[in-house]
Amino acid sequence: MFKVSKEFSFDMAHLLDGHDGKCRNLHGHTYKLQVEVSGDLHPQGAKKGMVMDFTDLKAVVKALILDPMDHAFIYDTTSRRECRIAALLQELDSKTFGMPTRTTAEEMARFIFQRLKREAGLPVSAIRLWETPTSFCQYDEN
């Protein structure tokens, strides 16, 4: 089995409601996302010798992750405080993206993994999400 990956970069703002440190305040990150897919090589056709064409992978990640999340306020839809902030931003015509969990690097990595696997049917084997140049989370189902 082969594994191939592609890296992406995007910017988002968030906060961690109830956190005991400075991340309870609104702040932003430039995230680096690495999407790893695995599988056997295509035996024939235009994709012969590939697990997946990098261009195809880029198109799916752009549509499902980058377009909705880049330069957005990402928020926890289960947090009353974060929903209030999101509502105000939406009223002011600012981009928001809600997810049903706290917006930690860990939860975001799992969310991205599941979204790509379920909505696009990608053979995702791992997601690595850097919140800073020296701090990242990896999510896989093993």
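**Pocket and strands**

The largest pocket has a volume of about 150 Å³, where a volume is the space filled by probe spheres set on grid points joined across faces, edges and corners. A pocket is an open set of points on a 1 Å grid over the protein atoms alone, where a 1.4 Å probe fits, with protein on both sides within 12 Å along at least five of seven lines, and lining residues have an atom within 4 Å of a point. This is a predicted model, in which local features need pLDDT of at least 70, side-chain atom pairs count only at pLDDT 80 or more, and totals for chains, interfaces and linings use all residues. Residues are numbered from 1 along each chain as its sequence is written, and side-chain values use heavy atoms, with hydrogens and water left out.

User: Which element gives the largest share of the lining of the largest pocket?

Analyst: Helix 3 (105-120) and strand 6 each supply at least two residues of this lining, helices (H or I, at least four residues) and strands (E, at least two) being DSSP runs numbered from the N terminus. The largest share, 3 residues, comes from strand 6.

User: Why is strand 5 largely enclosed by the rest of the structure?

Analyst: Strand 5 (residues 124-132) pairs in the antiparallel sense with strand 2 (residues 27-39) over 6 bridges, pairing requiring at least two DSSP bridges. Strand 5 is largely enclosed because, with buried meaning under 20% relative accessible area (1.4 Å probe, protein chains only), the buried residues number 8 of the 9.

User: Which residue is the bridge partner of Leu 129 in strand 6?

Analyst: Strand 5 and strand 6 (residues 135-139) pair in the antiparallel sense over 5 bridges, and a hairpin joins them through 2 residues. The bridge partner of Leu 129 is Cys 137.

Notes: Buried < 20%, exposed > 50% of the residue type's maximum accessible area, 1.4 Å probe, protein only.
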